[in-house]
Amino acid sequence: MNASGQAQVQEVIDVLLPTRNRPAALAVTLATLGAQSWPALRIVIADQSDGADACAAAEVQAVLRYLRATGRGVEAHRRPLRRGMAEQRAFLLAQAGARYCLFVDDDVILEPDLVARLHSTIRSEGCGFVGSALHGLSYLGERRPLQETIEFWDGPVTPEVVHPGTTAWTRHHLHSAANLFHVQSSLLEEGPDGRLSKQETRRYKVAWVGGCVMFDTAMLRAAGGFDFWAALPSQHCGEDVLAQQRVMARFGGCAIFPSGAYHMELPTTVTARAIDAPYVLPLAAQPASQPKSQPGSQAEPQPEPQLLESQLDSQPELQQTSCSAPQPAHDPAPPHGVVP
């Protein structure tokens with residue numbers, strides 16, 4: 001292996017993992033990170049569980065010991081004060097010091113080569129993010145042909161403006177249920193062992209990707225990161241969507257095919273979904289007089305509230321817009337009884 005190849009293998013990737021009330025699922029997700037063919041990982045956990053610390057659970061402790069013993073860096077932060085998922089993600093991004101950071105939800109199963117494939121794609125494309133959409137395998141018996149449209153990139157990934165109301169917004173349907181898995185089953189060949197054979201990784205166009213996204217850390221920060229958290233009430237959703245769309249508008253973004261991520265399909269922990277970030281905040285990040293955090297900073301983001309719950313009552317036009325807008329399926333784990 002030449003010197004450049006050695007440098008690439010040794011590059012550390014920061015894995016940023018928000019969690020709440022899911023110690024068993026968290027343990028599974030961490031175990032699949034420990035099984036990655038890309039070993040140079042620094043895993044940062046931000047826990048906002050009610051009551052007991054999720055990282056103190058026996059099953060999580062066992063995996064954390066394994067990760068540390070096999071050379072993965074692990075940091076666990078207990079954050080009982082909840083200001084919303086955007087603030088939680090802003091805190092995690094403030095801890096990142098690597099060139100690339102991978103946001104992974106606490107209920108995702110990753111195939112062993114997934115981090116390496118995401119890294120290879122984002123390096124070669126030089127874009128803002130590359131995601132791996134989550135398969136919902138409980139829907140394997142349900143085909144939705146009208147939601148199986150996929151648009152592959154023929155050339156390099158370039159910036160795109162995607163927001164509610166654009167034609168590109170409807171791409172999110174591909175990531176519902178098991179739609180993407182059905183597309184893969186149709187386009188990939190079955191090997192002698194009955195499994196789908198891996199082909200060269202392809203890139204396709206997205207509205208956003210939920211649950212497993214690798215960012216160029218500097219590009220995410222340049223697009224404002226999650227600093228818009230202060231403009232939202234603590235009860236909100238869609239923060240990952242808005243951040244990705246801001247990055248995509250400036251630097252481009254895509255997902256990889258075939259995907260290598262699977263959703264555990266647990267009930268969502270984000271149950272208040274009336275305030276949906278891409279519907280109530282502008283696509284362009286607002287300029288700030290100074291950054292809220294520096295790379296690798298351990299400081300808590302400082303609140304600069306612009307839109308609080310108490311203000312919604314005095315702004316009925318905003319309340320109506322945010323509550324009546326059609327709700328996309330950002331979170332592949334909808335409330336119980338709702339089919340994505």
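In this predicted model, the side chains of aspartate 50 and arginine 82 meet in a salt bridge, with 2.7 Å from N to O. Because aspartate 50 lies in the loop between S2 and H3, while arginine 82 lies in the loop between strand S3 (73–78) and helix H4 (85–95), the pair ties together parts that are 32 residues apart in sequence. In general, side chains of opposite charge can pair when their charged atoms come close.

**Salt bridges around aspartate 50**

- Aspartate 50 also forms a salt bridge with arginine 20, and here the closest N and O atoms are 3.0 Å apart.
- This second pair links distant parts of the chain, since arginine 20 sits in the loop between strand S1 (13–19) and helix H2 (23–34), whereas aspartate 50 sits in the loop between strand S2 (41–47) and helix H3 (58–69), 30 residues apart.
- Aspartate 50 has a relative accessibility of 38%, so it counts as partly exposed, a class that runs between 20% and 50%.
- Arginine 20, at 22% relative accessibility, counts as partly exposed, and arginine 82, with a relative accessible area of 35%, is partly exposed as well.

**Other salt bridges**

- Aspartate 105 and arginine 89 meet through their side chains in a salt bridge, with 3.4 Å from N to O.
- Because aspartate 105 lies in the loop between strand S4 (100–104) and strand S5 (108–110), and arginine 89 lies in helix H4, this pair ties together parts that are 16 residues apart in sequence.
- Arginine 89 has a relative accessible area of 7%, which is under the 20% limit, and therefore arginine 89 is buried.
- A network of salt bridges links Asp14, Arg42 and Glu75.

**Helix H2**

- Helix H2 has 12 residues, which at 1.5 Å a residue should span 16 Å, and this agrees with its end C-alpha atoms, which are 16 Å apart.
- The buried residues in H2 are Ala25, Leu26, Ala27, Thr29, Leu30, Thr32, Leu33 and Gly34.
- In general, an α-helix has 3.6 residues a turn, so residues three or four places apart point the same way.
- The buried residues of H2 pack against several other elements of the structure, namely S1, S2, H3, S4 and S5.

How values were computed
Residues numbered from 1 in each chain as written. Predicted model: local features only at pLDDT ≥ 70, side-chain atom pairs only at ≥ 80, totals over all residues. Heavy atoms only, no water. Salt bridge = Lys/Arg side-chain N within 4 Å of Asp/Glu carboxyl O. Helix = DSSP H or I, 4+ residues; strand = E, 2+ residues; numbered from the N terminus. Buried < 20%, exposed > 50% of the residue type's maximum accessible area, 1.4 Å probe, protein only. Expected span 1.5 Å × (residues − 1). Contact = heavy atoms within 4.5 Å.
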